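Here is a short briefing on one protein model. Keep the sequence and the 3D view side by side as you read.

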Amino acid sequence: MCIRDSHLLGLLVPMVYQLMLKAEFSQLQCAQLCWVLTTLCWASDLARLFVPWVRDHWPLKKILRDKERDRLTGSCFFSLGCALSITLFSPGVASASICFLVVGDMSAALIGVAYGGEACTVKVGKGGKKSMGG
């Protein structure tokens with residue numbers, strides 16, 4: 001799975017959120033589901049980091065980035081952002097903010113990979129892994 005595919009999967013969150021609202025789930029029920037999923041995401045990722053048996057038998061081990069092998073994955077922070085957005089804001093604002101996050105992050109990744117090393121030599125971020133282009 002390449003960068004843009006995994007980023008595009010994030011667009012399922014606002015789509016499912018809107019479908020649930022149309023199916024007459026309340027905003028509170030959607031937020032509660034989001035918090036349950038966020039808690040499961042964080043618990044499983046923390047278990048992957050700190051429980052040796054879980055780390056050794058992690059089913060998604062092959063798709064982890066090198067930098068994520070000993071750190072929390074981006075999905076933890078993405079799920080937290082989605083849960084907070086859905087809890088604190090109206091459905092339209094929450095959906096739009098999640099869409100902007102997904103498309104903006106995907107664009108930054110693609111631009112950073114395509115132009116980061118050549119168009120700009122200044123590296124920023126933790127370990128100098130982010131390009132100014134991205």
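**Exposed and buried positions**

Glu24 is exposed, at 73% relative accessible area. This is a predicted model.

**Loop residue Glu24**
- Glu24 sits in the loop that links helix H2 (12-22) and helix H3 (27-50).
- Its phi is positive, at about 70 degrees, although Glu24 is not a glycine.

**Surface patch**
- Leu9, Leu12, Met15, Val16 and Leu19 make up a nonpolar patch on the surface.
- Together these residues have about 450 Å² of accessible area.
- Leu19 belongs to helix H2.
- Leu19 has 53% relative accessibility, so it counts as exposed, the cut-off being over 50%.

**Nonpolar core**
- In soluble globular proteins, nonpolar side chains tend to be buried together.
- Here the largest nonpolar core has 11 residues.
- Its members are Tyr17, Met20, Cys30, Ala31, Cys34, Cys82, Ala83, Ile86, Ala94, Ile98 and Val102.
- H2, H3, H5 and helix H6 (91-115) each give two or more residues to this core.
- Core residue Ala83 contacts Cys34, Trp35 and Thr38, leaving aside neighbours within four places in sequence.

**Buried serine**
- Ser85 lies in helix H5 (residues 74-88).
- Ser85 has 13% relative accessibility, so it counts as buried, the cut-off being under 20%.
- Not counting residues up to four places away in sequence, Ser85 touches Ala94, Ser97 and Ile98.
- Ala94 and Ile98 are among the residues of the largest nonpolar core.

Terms used. Residues numbered from 1 in each chain as written. Predicted model: local features only at pLDDT ≥ 70, side-chain atom pairs only at ≥ 80, totals over all residues. Heavy atoms only, no water. Helix = DSSP H or I, 4+ residues; strand = E, 2+ residues; numbered from the N terminus. Buried < 20%, exposed > 50% of the residue type's maximum accessible area, 1.4 Å probe, protein only. Contact = heavy atoms within 4.5 Å. Patch = residues over 30% accessible without salt bridge, like charges linked within 9 Å, V, L, I, M, F, W, Y side chains within 5 Å. Areas by Shrake-Rupley, 256 points an atom, 1.4 Å probe, with all protein chains shown as cover. Salt bridge = Lys/Arg side-chain N within 4 Å of Asp/Glu carboxyl O. Core = buried A, V, L, I, M, F, W, Y, C linked by side-chain atoms within 4.5 Å.
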